Amino acid sequence: MTDTAQELDLPQVATQTTPGEGHAYLHERGASLEPSHPLARGPVASPPHSVDAFVKEFLRELNYGQGVPLSRSSLNDQYLALARTVRGYLTARWLETARKRRSHTERAVGYLSAEYLLGRQLDNALLATDLTQIAEDALHACGIELDALRQVEVEPGLGNGGLGRLAACFIDSMATMGAPCIGYGLRYEYGIFKQTFVDGRQIEIPDNWLSMGDPWEIAHPEMEVPVHFGGHTERYVDEAGRDRVKWIHGWDVLGIRYNYMVPGYQNGVVNTLRLWRARATRAFDLDIFNAGDYAQAVRSQTFAENISKVLYPEDSTPQGKELRLQQQYFFVACSLYDFIKHTQPTDFDVRDLPERIIFQLNDTHPVIAIPELMRLLVDDYGLEWEDAWGITRQCFAYTCHTLLPEALEVWPVSLMERLLPRHMEIIYRINEGFLDEVREAYPGDELRVRRMSIIGDHPERSVRMAHLATVASVKVNGVAELHSQLLRDKVLNDFAELWPDKFTNVTNGVTPRRFVRQANPYLSKLITDTIGVGWVANLDRLEELEVYAEDEDFREKFRAVKAANKERITRVLQRRDGIALPEGHLLDVMVKRLHEYKRQSLKLLHIVTLYDGIISGRLDPASVTPRTVVFGAKAAPGYRMAKETIYLINSAATVINADPRVEGRLFMAFPANYNVTLAERLIPAADLSEQISLAGKEASGTGNMKFALNGALTIGTDDGANVEIRRLVGDDNFFLFGMDEPQVAELQARGYRPADYYETNENLRSAINLIASGHFTGGDRDAAGLFVGDLLSNDAFLALADYQSYMDAQARVEAYYADQEAWTKSAILNVARSGYFSSDRSMRDYIDRIWHVKTGV
Ligand SMILES: *Cc1c(COP(=O)(O)O)cnc(C)c1O
């Protein structure tokens with residue numbers, strides 16, 4: 001038997017070096033937390049950035065953290081040790097940032113979001129600490145390849161898509177700007193499901209992302225926050241003779257705090273993301289336990305812990321499930337309690353809350369925080385209703401993320417009364433006061449009063465969360481100019497008339513650290529070699545690249561970058577999915593959640609039209625630009641049409657890729673499980689970015705921004721942030737097609753008949769007929785029936801109306817791509833003119849227009 005201790009790579013009692021060294025070690029690691037220690041209050045030094053020091057730290061984590069010697073360690077051991085080593089380098093800065101923040105009384109941002117789609121953490125942490133090279137060399141000295149460890153990391157998929165990814169970009173930018181911000185959310189045990197395909201159909205596999213251990217989280221099981229549900233309310237008169245309300249809880253759970261560090265880009269700032277996990281209370285167990293039913297007691301425990309078990313996989317179409325409301329209340333109750341009790345001094349006066357915090361509501365998911373704050377102020381702190389309402393109305397701002405009516409969250413009053421009876425009373429009272437205000441402003445206009453009410457009547461009495469959010473918030477913002485305009489003019493028009501100044505726009509952004517610097521190292525090097533490194537934290541500087549669009553030498557290098565990225569994605573897809581991408585094609589990419597409004601159906605019609613044209617002899621294959629279309633998309637598990645679309649895309653891919661008549665001309669790839677990691681590999685390789693939603697439906701999009709920043713040209717409608725992208729990059733460098741929003745509204749008002757387009761457009765008819773014939777589905781006509789039937793009789797998102805315009809735009813793409821010099825110029829201009837889409841700029845806008853917090857702390 002081997003004695004493992006003998007095998008360790010470090011001296012066995014590592015801290016028993018000379019006293020001086022041991023002291024320095026503690027100091028370096030920021031471990032000097034003892035308040036009596038002279039160093040505890042002073043600035044904490046960073047560890048030395050040297051390969052030797054890194055090797056030592058790494059081996060210490062491996063030997064004493066994982067408990068294995070290098071020679072016997074698994075890749076996962078090595079990854080965990082590396083992650084903890086890097087985390088160690090962040091800790092001192094994190095503690096220092098927190099210390100500074102405690103000593104200031106300035107206002108902070110509490111970002112409340114039910115989703116954070118973080119992506120992998122290791123590279124981001126290495127970049128933030130500028131340790132990439134050192135880590136690579138240190139690992140190399142240990143005989144380990146950094147790249148091999150990178151691939152072990154499981155990405156935390158605690159979000160569905162754009163909304164969750166936005167939250168992750170925003171907290172990155174806040175840290176990089178040195179702005180005080182705590183992100184609050186849920187630590188789901190299972191994140192967004194893993195997608196696989198079986199016979200072309202989506203199968204969902206639970207995302208057990210914690211199974212290998214998460215080295216980035218720091219749990220604080222001792223700091224539990226009680227959260228209550230159910231029961232009823234009672235009225236009573238307090239000692240001062242005032243009428244008060246007591247909530248007699250039905251059941252409780254505890255919120256357990258998990259901290260994640262959010263490092264700024266090489267600026268020494270490390271902010272906090274705080275996610276909550278549900279744990280059963282002991283009191284709750286004991287009641288049932290005393291009744292003698294041990295097994296039931298344990299089961300009840302599981303019941304309470306279900307709250308943070310799984311992320312709901314619906315994107316833009318909430319299901320109104322009770323557990324989801326539990327999740328929402330659970331995480332905001334923990335977060336408000338945490339902010340007031342744990343981040344503020346013990347003598348803190350809740351009346352000062354608006355000076356200390358602004359809670360940003362990322363969509364309606366956290367809106368129950370509004371009545372929760374009222375409950376805390378009135379019931380727990382004993383404030384008068386009007387005073388509490390005055391405070392609450394200064395503490396929240398609301399971001400609306402949608403234009404789809406079905407995406408606006410409502411909760412049945414009956415459910416609210418059962419789960420959160422006190423909150424329901426508070427909502428009624430808020431509504432009373434609000435409707436008085438409306439009646440005063442519009443005497444006699446009861447129709448308007450009913451439209452604006454926080455309580456809706458159809459199809460059942462329910463709470464309209466967007467109305468509640470709008471009433472209580474300082475500001476309401478949309479996420480792109482067009483979206484904000486439509487919010488004011490349509491979705492929340494009555495509110496915008498009553499409070500015109502409440503409404504504003506903040507166009508979304510993406511973090512250039514992850515989506516350019518990390519995702520596209522080749523382009524990053526070319527940019528840095530050309531204009532210096534400053535662009536990473538100041539993306540406006542990309543405009544300095546503009547002149548290089550005319551530089552032939554630069555264009556050649558730019559093309560070489562694209563080619564290298566295509567080689568890289570070819571390797572990734574080969575290894576990951578066994579897909580062999582053909583060489584030398586235009587790479588046409590559509591990656592985003594599968595949703596009818598995003599119109600993956602229209603993209604499929606385009607490919608099928610090309611294919612149909614070639615095999616029917618109407619189109620000369622030599623005239624078709626060799627093109628590979630890559631899809632990536634998850635469908636909500638209960639969304640039938642979305643799943644049918646996935647099946648049809650996969651079926652078409654199988655048939656088209658196997659058909660020798662289109663070989664070398666058309667290829668389709670649909671790698672399963674589109675996620676942040678795949679996005680980071682795929683987007684830098686793309687030539688063409690597909691942003692083809694029906695105008696007026698996509699609030700902003702952020703995928704569109706990632707593509708433009710990586711030098712893809714966009715083919716897109718006048719929708720969401722596409723409008724701003726086109727304005728900035730210029731019409732000559734963007735392929736616009738389709739109806740604009742007013743034209744869509746007009747067509748719908750006139751009465752849209754998709755069959756009209758089918759009957760009059762020969763190519764369209766032929767393509768749809770080919771799908772309907774079962775050509776792609778092994779002769780099975782029924783398999784395509786739902787898709788084709790809906791397109792011809794319903795087509796709620798007007799794909800057929802935009803079809804010809806889309807085909808024409810694709811023809812322009814082909815013609816333009818034939819001139820590689822012109823195409824490259826446009827691609828460079830897309831990069832040079834997209835600095836606006838940095839989430840740093842978004843944060844600056846939120847700070848100036850909504851939050852008014854100080855930066856540079
Ligand atoms: C950026 C991103 C999205 C959002 O894409 P849209 O095209 O804006 O819908 C969704 N999922 C992932 C993994 C992303 O990185």
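**Figure 1. Overall dimensions of the predicted model.** For 857 residues, a compact globule would have a radius of gyration near 29 Å, and the value of 28 Å for the protein chain agrees with this expectation. The C-alpha trace extends about 85 × 80 × 60 Å along its principal axes. The protein chain comprises 35 helices and 24 strands.

**Figure 2. Burial and contacts within the protein chain.** Of the 857 residues, 60% are buried. Among contacts with a separation of 6 or more, 77% join residues 24 or more positions apart.

**Figure 3. Thr176 in helix H8.** Helix H8 covers residues 162–176, and Thr176 lies within this element. Thr176 counts as buried because its relative accessibility is 13%, whereas the cut-off for burial is under 20%.

**Figure 4. Neighbours of Thr176.** When residues up to four places away in sequence are set aside, Thr176 touches Gly264, Tyr265, Asn267, Arg513 and Ala537. With one of these residues, Arg513, Thr176 also makes a polar contact, formed between the two side chains at 3.5 Å.

Conventions: Residues numbered from 1 in each chain as written. Predicted model: local features only at pLDDT ≥ 70, side-chain atom pairs only at ≥ 80, totals over all residues. Heavy atoms only, no water. Helix = DSSP H or I, 4+ residues; strand = E, 2+ residues; numbered from the N terminus. Buried < 20%, exposed > 50% of the residue type's maximum accessible area, 1.4 Å probe, protein only. Polar contact = N/O pair within 3.5 Å; in protein donor to acceptor, adjacent residues only side chain to side chain. Contact = heavy atoms within 4.5 Å. Rg over C-alpha atoms; globule rule 2.2 N^0.38 Å.
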